[in-house]
Amino acid sequence: MSFLARLALASALNRRWTLGLTLAAVALSVALLLGVERLREGARTGFVQSVSGTDLIVGPRTGGVQLLLYSVFRIGNATNNISWVSAQVLGQHPAVAWTIPVSLGDTHRSFPVLGTTEAYFTHFRHGDQRALSLAQGRPFAGLFEVVLGSEVARALGYQLGQGITLSHGASELSLAAEALTQAAEHGDKPFTVVGILAPTGTPVDRTLHVTLESMSALHLDWQGGAPLPGLKIPAEFVRKFDLAPKDVNAVLVGLKNRSDVFRMQRFVNEFRGEPLLGILPGVTLDELWGLLAVAERALKAISALVVAVGLAGLVAVVLAGLNERRRELAILRSVGARPGDIFALLMVEGVLVIGLGVVLGVVLLAAVFTAVTPWAQTQFGLALGGTMGGTLPAAAEWPLIAAVFAAGTLASAVPAWRAYRLSLADGLTPRV
Amino acid sequence: MRAAPACISAQSLRYRWPGQAADCLNCVQMEIRAGERVFLHGASGAGKSTLLGLVAGVLVPSAGELLVMGQSLAALSGPQRDVFRADHMGILFQQFNLIPYLPVLDNVLLPCRFSRRRLSRCTQPADPVQDARRLLDHLEIGVELHGRAASQLSVGQQQRVAAARALIGRPELVIADEPTSALDAARQSAFLDLLARECGESGATLLFVSHDLRLQAHFDRVVSL
Amino acid sequence: MRTLTSPVKLVPWLVAMLSAPVLAAGAHDHGGGRLDVSIEKERITIELELPLDVLVGFERAPRNDKERAALAAAGKKLNDGAALFLPTAAAECRLTKTEVSLPFAEGTKTAATGEHADADARYEFECAQARNLAGIETTLFRDFSRLYRLELQRVGPVGQAGGRLTRKAPVVRW
């Protein structure tokens, strides 16, 4: 190590408290900047993993993004339906390999309940084309049987064979609504847990799965979202009714031949029976990212500003300390240090703080994400994939890191230049 | 006896601080021979520090000629003057002479870091620490203090460490700007004796600046500004 | 107390807001068209849908010789698939099939649906070195100055993706 570097290090250690705080500010701002980028990448990978096997999603004519979000991610409300007849026509189309109907709207302790068919267990794919697997039990076979996602079972402590009740409508919104929700429980129709799925890192983990018939049975004596007064149909009589589903919220479609997807999409969009919308999940995800790009850019701008604030803090601290160090600089000049050496000394100090700050920021970020990833998984059922858990910066992060380093080096030049000017003006006798 | 060569020679030397109406130094004539121990006397504000700045090559004369060891400093570029100063001069200030966070030994060795000539003039260029320890020993700084941070030393000790630093690598000229002003009378005298002795031993010219005429007994000659 | 709505519950609202500008599928969009690209092994299939207005400036039967000539010129350009779409040269792709359906053109039986008319075209390429395929450039924007954007959907070995081609970015990349 060169003598100037050692001198700078000794000098910085001498002021370790003020510089330490500045270092912390730089580290935090770097962590934030990289974190925003990493979160975006992670969310993207997580979302893509959740829809990996589905070629087409068919639903009512709403927005494509809306259809994708509720049918795959259980985000938002499914306000419209498509008829069960249309869903069956789709399933019989020669290009179609399988269909999975999706019927939403009920919740259990704020976890969404999904009405579907056995096809869900055989055809749904996530991650790298992985099928669902049962950790315990079996798929549902009949009425009032429920298969739990892994997180549902874990969070609520449910076992195979346990009886549970499902509540109607979306999760509670306020205290008042909660009272209503309790009144509106399907308390008379207990479900039995027959299976628990292995973790997938997708919203499946947070879902309770029942048959479409169970879903219809739940709502036999309901109308317009509330129980019909005076009408109560006990569970044992439910089987006597026609429980064939009348409608579903969406249908996930897998094709025999992936390149038929555009032909199939056209078939859906020009469907004669009722207005339908067919979306390619991958395309709609890209559309979603496009829409979110504004918010993303705003976040990026904010985190860039935070970095600027951190660097400004560094400049301020070094500049403020400079006056006290004029004597030190004069001594160095008297023993032969050139003004260029003084400039270099201050630069080394600044670059040292920036470099350490970047390293600390990266370490901090890795620590935070290691801690947060399991939380995101339980809270949103999203395995934040990609670089999220990684400790080393991803390739895409290096340019950002380099940019921070360059900006920091440039910022360090301000106090260095000032010290240079001071040492020229002061010479051997600083006028403090 | 043949006169020794001139160490410092000033002819009609003038200096005016930028933005000032009057000259700070006005027509200074001065001749200091190599090996002389000179007491430069002047009242406060007489331009003593300015003259030192000129000799050290930190300031450039407004007019007139200044030769140090036969070299016109005005003819050198800024960086060349910095090298010249590091190579040929040891400098002592009134106080706060040391980098507070460096150990005593590293403070003494500073000139060897910036000047190759000073390093090569040590008795063992490969190991300048030997010279540093010897000088510290001569200046009565105990071995137990060598590794200590400079800020932990008393003012008197600090000035002696600074003297060791000014002397290491046997520079031709030692400039001292009231280095004893922070010391009491008994310590002033002892310090000056040490400084004069060490300059004599290494053959350095000593230019000592003070407003305190009582100190002149330690010097060969008094020059007044 | 649970008076604060959690961020998760704001999501539906956010979604509703974001969905607003999304055009319903199949909507007829002046100045824009749709481009679907699928890649399967050595074959690239390109399906193109353009409002007639983008091609010739009107969406009805031609009324004079000038309009008939414009329609014929547009048909000629659309039929030259090898000039309209340029896959990466190193992939050694060859146009093997072209199907163009242009409303109101001579020899075409047109049943105009509603007020709008779209031209549809389908092209197939076979690529000898499909692994070298890095992108497909289109010259549509140069040929049809009224065309401003193409909503892109593509499927291929790496999955599905969407995007938008514009005059400044007329290349499908993956």
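A crossing of two helices is left-handed if the near helix is turned anticlockwise from the far one by less than a right angle, and right-handed if clockwise. The model is predicted: local features need pLDDT of at least 70, and side-chain atom pairs count only at pLDDT 80 or more, while totals for chains, interfaces and linings use all residues. Residues are numbered from 1 along each chain as its sequence is written, chains are lettered from A and ligands numbered from 1 in the order in which they are written, and side-chain values use heavy atoms, with hydrogens and water left out.

**View 1. Helices H3 and H5 of chain B pack at about 115 degrees.** H3(B) spans residues 104–114 and H5(B) residues 129–138, with axes 10 Å apart. H3(B) is therefore roughly perpendicular to H5(B) (65 to 115 degrees). The crossing is right-handed. B:Val104, B:Leu105, B:Val108 and B:Leu109 of H3(B) meet B:Val129, B:Ala132, B:Arg133 and B:Leu136 of H5(B). Seven of these contact residues are nonpolar, none polar and one charged.

**View 2. C:Leu71 sits in helix H3 of chain C, residues 65–79.** C:Leu71 is buried, at 3% relative accessible area (buried means under 20%, with a 1.4 Å probe and protein chains only). Beyond four places in sequence, its contacts (heavy atoms within 4.5 Å) include C:Leu52, C:Val56, C:Pro62 and C:Phe104. The C-alpha atoms of C:Leu71 and C:Ala61 are 9.5 Å apart.

**View 3. Confidence in chain C is lowest in helix H1, residues 7–19.** H1 has a mean pLDDT (the predictor's confidence in each residue, from 0 to 100) of 48. Strand S3, residues 85–87, is highest at 94. Over residues 1–10, pLDDT stays under 50. Where pLDDT is low, predicted coordinates should not be read in detail.

Terms used
Axes fitted to C-alpha atoms, helices over the stretch in contact; angles between N-to-C directions. Helix = DSSP H or I, 4+ residues; strand = E, 2+ residues; numbered from the N terminus. Parallel < 35°, antiparallel > 145°, perpendicular 65-115°, else oblique. Nonpolar A, V, L, I, M, F, W, Y, C, P; charged D, E, K, R; others polar. Buried < 20%, exposed > 50% of the residue type's maximum accessible area, 1.4 Å probe, protein only.
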